[in-house]
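Hello,

Here is the structure I promised to pass on to you. Have a look at it first, and then read on for what turned up in it.

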Amino acid sequence: MSLKGKRIGFGLTGSHCTYDAVFPQIEKLVEEGVEVLPVVSHTVQSTTTRFGEGAEWIKKIEEATGNKVIDSIVKAEPLGPKIPLDCMIIAPLTGNTMSKFANAMTDSPVLMAAKATLRNQKPVVLGISTNDALGLNGANLMRLMATKNIYFIPFGQDAPDKKPNSMVAQMTLLQATVEAAIENKQYQPVIIEKYKYEQ
């Protein structure tokens, strides 16, 4: 299916090492004719890492989408009643944000945008990037996988030899996952051998 003309929210959380894999997918959506509304967590805005400064990433996503970032809970709330989305993406989704989402906590712009989208019974697509998906966060991952209108970009272990609990989404499958989610389907297979996939 074509995503042209769709309005899609794109939430980024603090897995800074994953941004280089995510940004080409944002650009691809824009090229497809999608109206992409960027939403950023407080961590994205305020954190400087070896992968860049928060302000630099904000500038990049605004340039890529042509829209100002939604950077507060107050700005994100209208994505439910006044500015409804066809789909909300969170990629990368950190373990911290995944834990909060699975337990109904809404303390960031990204989580508010996701909650507003679910309220409208529209799909939320998650691209995980967490070091503890097979650890303490496993229960939260399974809770979200069993929740209506939540879909996952296929994911797998990215470094099983060094980080056996870590799982990361294969971001190149983002668009295909969104297309399926809008039709109320989970793109399959959802669990992949990411380690081998990238060899």
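This is a predicted model: local features need pLDDT of at least 70, side-chain atom pairs count only at pLDDT 80 or more; totals for chains, interfaces and linings use all residues.

Which residues of H1 are buried? They are Tyr 19, Val 22, Phe 23, Gln 25, Ile 26 and Leu 29. These residues cover an arc of only 165° around the axis, so they sit on the same side of H1. The face turned away from that buried side carries the exposed residues Asp 20 and Glu 31. Just after the helix, Gly 33 takes a positive phi of about 95°.

Next, the interior. In soluble globular proteins, nonpolar side chains tend to be buried together. Here the largest nonpolar core has 58 residues. Ile 26, which you met as a buried residue of H1, is among those with the most contacts inside this core, along with Phe 10, Ile 89, Leu 126, Ile 128, Phe 152 and Val 178. Strand E3 (residues 87-93) gives the most to the core, with 6 residues.

Thr 177 lies in helix H8 (residues 174-182) and counts as buried, because its relative accessibility is 0%. Not counting residues up to four places away in sequence, Thr 177 touches Val 125, Phe 152, Ile 153, Pro 154 and Tyr 187.

Finally, the charged pairs: a search of the whole structure finds 6 salt bridges.

- Arg 7 and Glu 35 meet through their side chains at 3.4 Å, N to O. The pair links distant parts of the chain, with Arg 7 in strand E1 and Glu 35 in strand E2, 28 residues apart. Arg 7 is partly exposed at 25% relative accessible area, and Glu 35 is partly exposed at 36%.
- Glu 62 and Lys 68 meet at 3.8 Å, N to O. Lys 68 is exposed, with a relative accessible area of 68%.
- Arg 119 pairs with Glu 77, the closest N and O atoms being 3.5 Å apart. Arg 119 lies in helix H6 and Glu 77 in the loop between helix H4 and E3, so the pair ties together parts that are 42 residues apart in sequence.

Enjoy exploring!

Best wishes

Note on methods: Residues are numbered from 1 along each chain as its sequence is written. Side-chain values use heavy atoms; hydrogens and water are left out. A nonpolar core is a set of buried Ala, Val, Leu, Ile, Met, Phe, Trp, Tyr and Cys residues joined through side-chain atoms within 4.5 Å. Buried means under 20% relative accessible area, exposed over 50%, partly exposed in between (1.4 Å probe, protein chains only). Helices (H or I, at least four residues) and strands (E, at least two) are DSSP runs, numbered from the N terminus. The arc is that of the directions from the helix axis to the C-beta atoms. Contact means heavy atoms within 4.5 Å. A salt bridge is a side-chain nitrogen of Lys or Arg within 4 Å of a carboxyl oxygen of Asp or Glu.
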